[in-house]
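Hi,

Here's the structure I said I'd send over. Have a look at it first, and then read on for what turned up.

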Amino acid sequence: MTTTTDSLSHLNPHQRRAVEHFCGPLLVVAGAGSGKTRALTYRIANLITEHKVNPENILAVTFTNKAAREMKERIQKLFAEQMALSEYGERYDLLPEYDQVKLRSKVYKLVIKDLWCGTFHSLLSRILRFDIEKYQDENGRAWKKNFSIFDESDAQSLVKEIVTKQLNLSDKKFNPRSVRYTISNAKNQGLSPKDYEKEEPNYKGRVIAEVYNCYQDRLAANNALDFDDLILVPVRLFQQNEQVLGYWHNKFRHILVDEYQDTNRTQYQLISLLATYGEQKSHWKWQNRSVFVVGDADQSIYSFRMADFTILLDFQQDFGDGLDDDDTRSMVKLEENYRSCENILQAANHLIENNTQRIDKVLKATRGEGEQIFYFKADDEVAEANFVINKIRSLEKENPDINWGNFSILYRTNAQSRPFEDMLVRNGIPYTVVGGLKFYDRKEIKDVLGYLRAIANPADTVSLLRVINTPRRGIGKATIENLTNAAQELGVSLWEILSDETSVNTLGGRSAKSVNNFAKMIGRLQQEVENLPASEILQTVLDESGYVQDLHKQGNDEAEDRIRNVGELYNAVRQYEEEAEQDASLAGFLASTALSSDLDNVKEGQSAVSLMTLHSSKGLEFPVVFLVGLEQGLFPNYRSMNDPASLEEERRLCYVGITRAQERLFLSHARERRLYGTREPAVRSQFLDELPRELLATQYPRSVTYTNTGGRTSASYNNGFESTSSSKPTANVNWQVGDKVMHKSFGAGEITHIFGGGNKVSVAIKFPGLGQKIIDPRVAQLQKME
């Protein structure tokens, strides 16, 4: 297999420079839709074919499991196409299916099988399966290689129990969800409980540090890690064990990181350790070694997860040559966009130029101008939803090549989806809501997974407690407390007590027989965990636990839905076994479920309208995009109003939304919106004013007719079309904080905040008895009172 000159001929010059880079650091600043996945894919292929790099020496980190799968599929196809020409003298797509399968199988064995490609969490959980037993934290806590991965729900439950029961704290003063979030942020900054207490030495900080310490104790007792530990523990392990670091440093000679702008400080430390062996920059040796990162500061939208885009901005100083953009040899810009029409790109470029913290770049269109961007001002959120759904219906009807899956509705917060869902249901249009861990959060799924986790990891007390009396076996709370108290006093796991029949008979009272039967079932399957496929273990659990039989006895629609969901879980196990490349064991399946999310399950082109938050839309693209709710205080949100850094992130989020659109883009907002049961006036987003007017076509409702159907009020429009925008601004007034003003609807008030400036100003006004409202003085025609 060799890569010929022709195989790179369809790359543009900048992509090609990135692909042909061999040793040393390289930052690829990849604009939206600029073909970064192609560059990453061809780079990996080029390393293997041109430079004879062994696939097992390549570490490729992606943002989602879906992106990792796509990358491996592309690499597999690329090599299969090369081999088809060299071995058959024929194009791959012209070969019989049998020969295609044979080639893909060969490529899998030669390349894909040994390539380390996945998310930070999935790759590092693999590393920890090898080496976690060589690690101890600062308190001497240790883990075994069959550790469980606690998802966010498990972690929340554990923190809540520690706050309310173990430490008897007020859950009002120390909200468990907030405490959990603080612990997660501490881990993402690489802080241990002691480190956190030093950072926050006040009373609240000391208490949270104690909760954090207890939380780590409980995780270790359960032989479990949370998501943040999957990054932090390898960093700590590498820092304390030079031999372990040396092994992985020598193994991963070429490191590639996608979405580098979304890395946090702990992930940065990890990449730095693997790439440089933790040595000073003057001692770095780049012979047969590279670190290749791809990202775009303009698409950094995850600061709430502690992502730090300045890591990307600092790459040139940290790893590169530190030269200016025109002179550097350690940075390449991909600016040619292959996704969107020119009008969409012009809007995105103009918007993001308002940000200051960025690497300068301009997205350049490779496609036609496209249609104007539509801007719509609705009376309220119901009218906005009505406009969007009616437009979707008309576009789908007028264009036979378009299906429901070509449409996406993007919004700032999950709560905004309701009116759109209502309207889609009313019109019989299929849709999907993307975001979160919906399937694996369902009770019946967590119950059955609890059995599997208890079988895979006997020390997982949380899972044992979840299923010991699920379904009901007559094992009461008192019995469970006796068993858990005994385990705690003896300093052993709950399983050690449950698996000892004598102890159970002593402590279990009338429930002893049920406890022993439960323990025998779990124990027997633990013995078979290495021998039986995951699907057979699951089937045995379903047959012997009585879980499904109990659902059948309930005999209602909800129980039937739960049974179907359990059946779908079995389908997931079978699918995992068929697709698993490395580890088809029960532990491997459980790790895959813990690391799964709806973002991995979005099927591009599926025939359903996609509804999602702007954060969930990252990495996706759709022919037609509706970006809704563009209002001050909503998007950008209130928290960003007085924080320039937060406002820039909100603008980046808007930029991400705009660049999801391939053919058509619709922008909308409401004049008023229902908030907490009351209607509040809304002010159009400042982001709309940052877009060139000549790119926008404005559509207003000329007349509105409200009808009541089935208890619901809906609005229908006789829409007129105007070529540019809207209301004429009033004469410029120099507004100041403290000004007394008169509003025609709300009466007298006082200005408390001013946002923006010039002809893009909006003001916050406090009205007696009405609270504070953000107003556009050009639209409201405020009168200044002397």
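A quick definition before the rest: a residue counts as buried when its relative accessible area is under 20%, as exposed when that area is over 50%, and as partly exposed in between. Also keep in mind that this is a predicted model.

With that in hand, take D262 and K618, which are both buried. They pair up in a salt bridge, with their closest N and O atoms 3.2 Å apart.

The next pair is D228 and R180, whose side chains meet in a salt bridge at 3.4 Å, N to O. D228 lies in the loop between β5 (224-226) and α10 (229-240) and R180 in helix α7 (residues 176-188), so this bridge ties together parts that are 48 residues apart in sequence. Are these two buried or exposed? D228 has a relative accessible area of 10%, so D228 is buried. R180 is at 2%, so R180 is buried too. Both residues also belong to a network of salt bridges with shared partners, which joins E152, R180, K187, D226, D228 and D229.

E87 and K106 form a salt bridge, the closest N and O atoms being 2.8 Å apart. It runs between helix α3 (residues 65-88), where E87 sits, and helix α4 (residues 97-110), where K106 sits, and the two residues are 19 apart. E87 has a relative accessible area of 42%, which makes it partly exposed. K106, at 37%, counts as partly exposed as well.

How many salt bridges are there in the whole structure? The search finds 45.

On to the nonpolar side. The largest nonpolar core has 50 residues, and F238 and Y260 have the most contacts inside it. At least three of its residues come from each of domain 1 (13-114 + 253-334) and domain 2 (122-236).

Cheers

Definitions and conventions
Residues are numbered from 1 along each chain as its sequence is written. This is a predicted model: local features need pLDDT of at least 70, side-chain atom pairs count only at pLDDT 80 or more; totals for chains, interfaces and linings use all residues. Side-chain values use heavy atoms; hydrogens and water are left out. A nonpolar core is a set of buried Ala, Val, Leu, Ile, Met, Phe, Trp, Tyr and Cys residues joined through side-chain atoms within 4.5 Å. Buried means under 20% relative accessible area, exposed over 50%, partly exposed in between (1.4 Å probe, protein chains only). Domain bounds come from an automatic or database domain assignment. A salt bridge is a side-chain nitrogen of Lys or Arg within 4 Å of a carboxyl oxygen of Asp or Glu. Helices (H or I, at least four residues) and strands (E, at least two) are DSSP runs, numbered from the N terminus.
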